[in-house]
Amino acid sequence: MELIEAIILAVLAASTPLLIAATGELVTERSGVLNLGVEGMMIVGAACGFAGAWLTGSVFVGALFGIIAGTMMSLIFALMALGLAVNQVATGLALTILGVGLSGLIGAGFVGERITPAVHLAIPGLTDIPLVGRVLFGEDGFVYFSIALVVGVWWFLYRTRAGLILRACGDNHVSAHALGYPVLRIRTFAVMFGGACAGLAGAYLPLAYTPFFIPGMTAGRGWIALALVVFSSWRPGRLVIGAYLFGAVTILQLHAQGWGIGIPSQFMSALPYLATIIVLVLLSRARSGGSTAPAALGTVFVPDR
Amino acid sequence: MRKSLLALAAGLLLAGSVSAVSAADKLKVGFIYLGPIGDLGWTYQHDLARQALVKELGDQIETTYLENVPEGPDAERSIEQLVRAGNKLIFTTSFGYMDPTLKVAKKYPNVHFEHATGYKRNPNMSTYSARWYQGRYIQGLIAAKMSKSGVLGYIGSFPIPEVVSGINATILAAQTIKPDIKVKIIWANTWFDPGKEADAAKALIDQGADVIMQHTDSPAAMQIASERGKLAFGQDSEMIKFGPKTQLTSILDTWGPYYIERVKAELAGTWKSQDSWGGLDSHMFAMAPYTNMPDEVKKLAEDAQTAITAGKLHPFKCPIVGQDGKPVECKGGDHLDDGQILGMNFYVKGIDDKLPGK
């Protein structure tokens, strides 16, 4: 009983950064922009988030620093890929390389320092309910926020006019432009939203997951978030399934190793990737008309002025 | 595609940053590092040793380092860069630099190379490593004494002989205290991923382990153990900052004395290719202070350390029984020989797990 609760808690913690970063990237890609710099924006968010929390003693301020840092990084991308119409793939890769270096520079002075991690919710009575108490009422703010975020994004994309326009930019920027919508401005906001989410996801690592900063601590999570967006067919609902499934298999394979089941650990380590890909591919095949990529994804748009 | 390749190439050039080089006629010594010098683990310890070297011989040498150099063929370019910058003695500090180092060494016979933890040598290329299993043996003694649940948690990186011999040394030592001690082993399949290391530590603790040991590089496991009120051992470097009431001891990589010795030999013109596999006796590594344990456990650890240093106690002394119940052939007289330890690919009896790939 306690073990099950502990496993669920660990799964939620492992999935949250993936969910936040992937939700941001989903909005970016839905507007027609492919930003491969998620890993770079995350790691800069991690460095700045830790710096903010360490300097002010507040995890909340740290999270804000992370969000701002991620947004600034995404503005570099927007300037290059949208403003100067440079190839998006190249710009995104360069952004990751830049971010890894930059975060090492920013974080150098903070290596080896500790902070008090994000507090967990505690409601007397409710949090103490066996099995579900700590899962539902004992998480840190990031976990609740990530769920609100993905619900909000779903609502925005499918239930508001602005969301419809954003998707229109992603599917056919020429038509959206002809109808008078400011395609580049909309895409810039989408890229900034993606950057803010990546920065927050990065900040989650040193603020809640492992409360210290070390260069390279995102360890490829940005790339996993990118992959999740693709395999969820750019749909928020499937993204949630994918992120939690990935987190769950990651944690369960560690436990399975501890129990000594005897399956080679190399295979177990590959399992989260395999399981997530298989389930999400099956999901998009099972439902008719499973959405494919935004039609204008990754293509450069230069409006005729 | 061409654009993205260009961007990658530009980024890679930026990634290996060179520290300042100046002055002539001093001996130039170069270092290739795997991670950033701020990783608080493997590379950090190599750089501490470089700083000790500068402190000792700074008036006769100057040092250069390249950090964040990826293992594999690309390392060759970085090593050659150091050669062309005039370095006459070059330390390549990770296993994966073995073939690139050898290749460059053959190309430049007048430059001397020192490669860490490898097994390929050349007339101008030495290898060096440490007998960390000795430290693991001491940790096993402490762990068995300090564990209340009788279950130890071990986070492995990759199932390679160095890590496997560490696990075996730990268990052999623990069995001398508690014959029925259990160990749970989780392979992270990475050297460095703080999040995953933390998850592995959580899983081990949730499954009943109360002493955590690791063969991965970040202080994440120490931090989790500290949060949960358990005990843990550090890795590579001093990690007590992340668990003031948690760290029992840590195996500290202390390359300083070796680097100083080799540079002195180079200065004196007596440098020769050799294979150094040093243990506690040659100060290739050290044990961090024994903390958070009663005096009798501390004494037990110190006595074991003294005995191992003096050569009176060998962690792999025979008889050793393998997992299959058959005794392991004793090639080194009364203990396993170096070859058996360097190529160790079996678990000893008492480990309930299966070695991956066996």
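Let's start in chain A: helices α3(A) and α4(A) are roughly antiparallel to each other, because their angle is over 145 degrees. Keep in mind that this is a predicted model.

Here are the numbers for that pair. Helix α3 covers residues 59-83 of chain A, and helix α4 covers residues 88-107. They pack at an angle of about 150°, with their axes 10 Å apart. The crossing of α3(A) and α4(A) is right-handed. Which residues make the contact? From α3(A) come A:Met73, A:Ile76, A:Phe77, A:Met80 and A:Ala81. From α4(A) come A:Gln88, A:Thr91, A:Gly92, A:Leu95 and A:Gly99. By class, that contact has 6 nonpolar residues, 4 polar ones and no charged ones.

Stay in chain A for one more helix. Among the buried ones are A:Ile224, A:Leu228 and A:Phe231. What covers them? The cover includes α1, α2, α9, α11 and α12 of chain A. After α10(A) comes A:Ser233, with a positive phi near 50°.

Now to chain B, and its sheet. This is an open sheet of 6 strands, in the order β7-β6-β8-β9-β10-β12, with mixed pairing. Why do two strands count as edges? Strands β7 and β12 of chain B each have a single partner strand, so one side of each is left without a neighbour in the sheet. From one strand to the next, the twist averages 15°.

A quick reminder on sheets. Strands pair through backbone hydrogen bonds, either parallel or antiparallel.

Look at two pairs here. Strands β9 and β10 of chain B pair in the parallel sense over 4 bridges. In that pair, B:Ala232 has B:Gln247 of β10(B) as its bridge partner. Helix α5 of chain B, residues 132-146, packs on the sheet. It touches β6, β8, β9, β10 and β12 of chain B, and its direction makes about 180° with that of β10(B). The other pair is β6(B) and β7(B), which run parallel and are joined by 6 bridges. There, B:Ile155 stands opposite B:Ile186 of β7(B).

In β7(B), B:Lys182, B:Lys184 and B:Ile186 point one way. B:Val183, B:Ile185 and B:Trp187 point the other way.

Next, where the chains meet. In this contact, 39 residues of chain B touch 38 residues of chain A. On the chain B side, the elements giving two or more residues are α1, β7, α7 and α8. Helix α7(B) gives the most, with 9 residues. By class, this side of chain B has 19 nonpolar, 9 polar and 11 charged residues.

One last stop: B:Ala304, in helix α10 of chain B, residues 295-309. Is B:Ala304 buried or exposed? B:Ala304 has 22 C-beta neighbours inside 10 Å, so it counts as buried. Leaving out residues up to four places away in sequence, B:Ala304 touches B:Tyr137, B:Ile138, B:Leu141 and B:Leu313. Take B:Ile138: it sits 166 residues from B:Ala304 along the chain, yet their C-alpha atoms are separated by 6.5 Å.

Notes. Residues numbered from 1 in each chain as written. Chains lettered and ligands numbered in written order. Predicted model: local features only at pLDDT ≥ 70, side-chain atom pairs only at ≥ 80, totals over all residues. Buried ≥ 20, exposed ≤ 12 C-beta atoms within 10 Å, placed from the backbone. Contact = placed C-beta atoms within 7 Å. Pairing = 2+ DSSP bridges. Axes fitted to C-alpha atoms, helices over the stretch in contact; angles between N-to-C directions. Parallel < 35°, antiparallel > 145°, perpendicular 65-115°, else oblique. Left-handed = near helix turned anticlockwise from the far one by under 90°. Nonpolar A, V, L, I, M, F, W, Y, C, P; charged D, E, K, R; others polar.
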